[in-house]
Amino acid sequence: MNVFEILQDRGFLSTDSEELTRQVTDPKIKEILGKKKVTCYIGFDPTASSLHVGNLLQVMVLAHMQRAGHRPIAIVGGGTGLVGDPSGKSEMRQLLNEERIQANMDSQKKQLAHFLDFSEGKALMLNNADWLTPLNYIEFLRDIGRHFSINHMLTAESVKLRMETGLSFLEFNYSILQAYDFLHLSQNYDCILQMGGSDQWGNICAGTDLIRRVEAEKGSKKKAYGITYPLLTTASGAKMGKTEKGAVWLSDELLSSYEYYQFWRNVEDQDVQKFLGLFTFLPMEEVRCLGKLEGKDINQAKEVLAFEVTKLNHGEEAAKKAQESAKKLFSGGGQAGAIASVEINREDLSAGIPIIELFHRAKLAKSKSEVRRLIQNGGAYLNRERVESIDLQVNLDSLENDEILLQAGKKRFARVVLG
RNA sequence: GGAGGGAUACCUAAGUGGCCAACGGGGGUGGACUGUAAAUCCACUGGCUUCGCCUUCAGAGGUUCGAAUCCUCUUCCCUCCA
C-alpha cells in the first residue's frame, strides 16, 4: 500500500472517486507517491503559541508521509501570519507582531518533534517569512502578480463570503502569497505536493496553477499537486478541538496530559472508530475491530483511543499515568497522582477554611459565586461526599491520607494537600 | 471630505426614562437518566462579607427624584455618496 492508499484506508481521503476529485487536484499524485520519494508540505498558523487538536490532523498527515519515506515540510506562516488568511473568517483577523510569531513558532516546533523526525533533514520546518519579507513589491507584481486573474480570484468562495462585510486588499493577497510559498518550495526544495484542510482548496489550487504557469514559461512541464481533507467535526457537528475552556492544546503547559487524555476518553461513540484511524497509528484491522464494539463495551475502545493519542503527544509514561488516574477516579478508588493539587498551610486549615474558599482556591470555580451555585446545585463533593451546606467549614478533620479530595461535578477533580 | 447606521454580558441578539443584573437563542456549568457517550428533561449562568450590598449596557461629561434608554463631546466599526 502506498501512502495515498493508507490515507484512504485511515479516513483522511475518501475512497469514493467522485468525492476524491474534490480532495485531490490531480489523481496522478497517487501513482507518483507510490513510485518515488516526494517532498510535501503543510502550512501552520503561527497565531497561537501551541498547536491544538484542530492542527493534529495535519500533523498526522505529515507523520504518515514521513513513515512512508517521503519528506515532509512544515511551513510556519511567519510571513503570511503577518497578513492573515481570510478563508472561512467572516471578520478580519488580528495581525500579529513579529516577535510574537517567532516565539510561537519555536514552541510549535517542539511539539511537532513528537510526531516528526527532524534529524538529518528527514523533515523540515521553515518560516515563510524568510522568503516573503525580502520580496520587492514591483518585482513581485511583475513576476508573480501577472499570473493571477482578478476575475478568477473574485469567484473564490472565501472572497465571496467577504463581499458583504468587506475584504481588505491585504487579506485579498493572502492566497497569492501562499501560492508563492508553494512556488518557492517547488523551486528550492523540489516540493511537489501541498496538503491542507478543505478550506485551503482555493489557496492550494492557486499554488499549483502558479507553478504550472511559471514552469510553462520556462518550457518546463513540472507540475505540482494538492491534497485536501475534510475539516473535522464531531458527530454532533461541533468543531473539533474546541471545548468550553477553549482549544484542546497539545502543550502540557496549557493543558495537562490528564485533561488531554480525558478529552479523548470522552469523545462521542460515533467518533471513536474515525478518530482511531485518524489520530493513532494502530493497524486498521485493530481499529475496525474496536469500532465494532457497542453499548458499554465501546468504552474499551475509548480507552485505547485516549491512551494511544496521549502517548503520541505526551509520551507513554504520561499516558499511563493519565489512564491510571482516570481509572482510579472514575472507579471510585483511591487518590490519583495526575490531578491538579493546591497547597494549603496547616495553620490555615486547622483554623478552618470555608468550603467556598477552598473550592475557589483549588481553581474548580472562577468565582466564589460560582462555588455557591455549584453547591446549591448539588455538584460539589468533599472526599466523595456531596457538600450540603455553603457554610461548611473545612478543617484538619477532613484530611484523609493527608489530603482532601475536592470534586466539581462528575469529571473535575482537585486535591488539597498541606503545604 | 459629505450623508446615514451602529457599539449591550462568552457569542448572538432584545430592550429606547423607573417593573433591568438586563427577554430569547447558542455555548457553558451543575442535577436527573446513563456507559466518564449521545439524546432528553430540570436548574444555574456579573461580583461580594448573598434574605442585602457593589460594579456593569464603547469612553467622558450632562439633564433627571431616577438612564442601557434623553442631550453633548470622544473613540471605534459599517453602509452609501465623493
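Let's start where Ser257, Tyr258, Tyr261 and Gln262 of helix 13 meet Ala318, Ala319, Ala322, Gln323, Ser325, Ala326, Leu329 and Phe330 of helix 17. Keep in mind that this is a predicted model.

**Exercise 1.** Work out which residue classes make up the contact of helix 13 with helix 17, and how the two helices are oriented.

*Solution.* 
1. Sort the contact residues by class: you get eight nonpolar, four polar and no charged ones.
2. Now look at the axes. Those of helix 13 (residues 257-265) and helix 17 (residues 316-330) come within 9 Å and cross at roughly 70 degrees.
3. Angles of 65 to 115 degrees count as roughly perpendicular, so that is how helix 13 and helix 17 sit relative to each other.
4. As for handedness, the crossing of helix 13 and helix 17 is right-handed.

**Exercise 2.** Describe the protein surface near RNA strand B, and find which side chains have an N or O atom close to a phosphate oxygen.

*Solution.* 
1. Start with the head count: 32 residues surround RNA strand B, with Asn266, Ser369, Arg372, Arg373 and Lys410 the closest.
2. By class, that surface has 14 charged, 11 polar and seven nonpolar residues.
3. Turn to the RNA side.
4. Check distances from side-chain N or O atoms to a phosphate oxygen: 2.5 Å for Arg373, 2.6 Å for Ser369 and 3.3 Å for Lys296.
5. Helix 20 gives the most, with five.

Conventions: Residues numbered from 1 in each chain as written. Chains lettered and ligands numbered in written order. Predicted model: local features only at pLDDT ≥ 70, side-chain atom pairs only at ≥ 80, totals over all residues. Heavy atoms only, no water. Axes fitted to C-alpha atoms, helices over the stretch in contact; angles between N-to-C directions. Helix = DSSP H or I, 4+ residues; strand = E, 2+ residues; numbered from the N terminus. Parallel < 35°, antiparallel > 145°, perpendicular 65-115°, else oblique. Left-handed = near helix turned anticlockwise from the far one by under 90°. Contact = heavy atoms within 4.5 Å. Nonpolar A, V, L, I, M, F, W, Y, C, P; charged D, E, K, R; others polar. Near = heavy atom within 4 Å. Polar contact = N/O pair within 3.5 Å; in protein donor to acceptor, adjacent residues only side chain to side chain.
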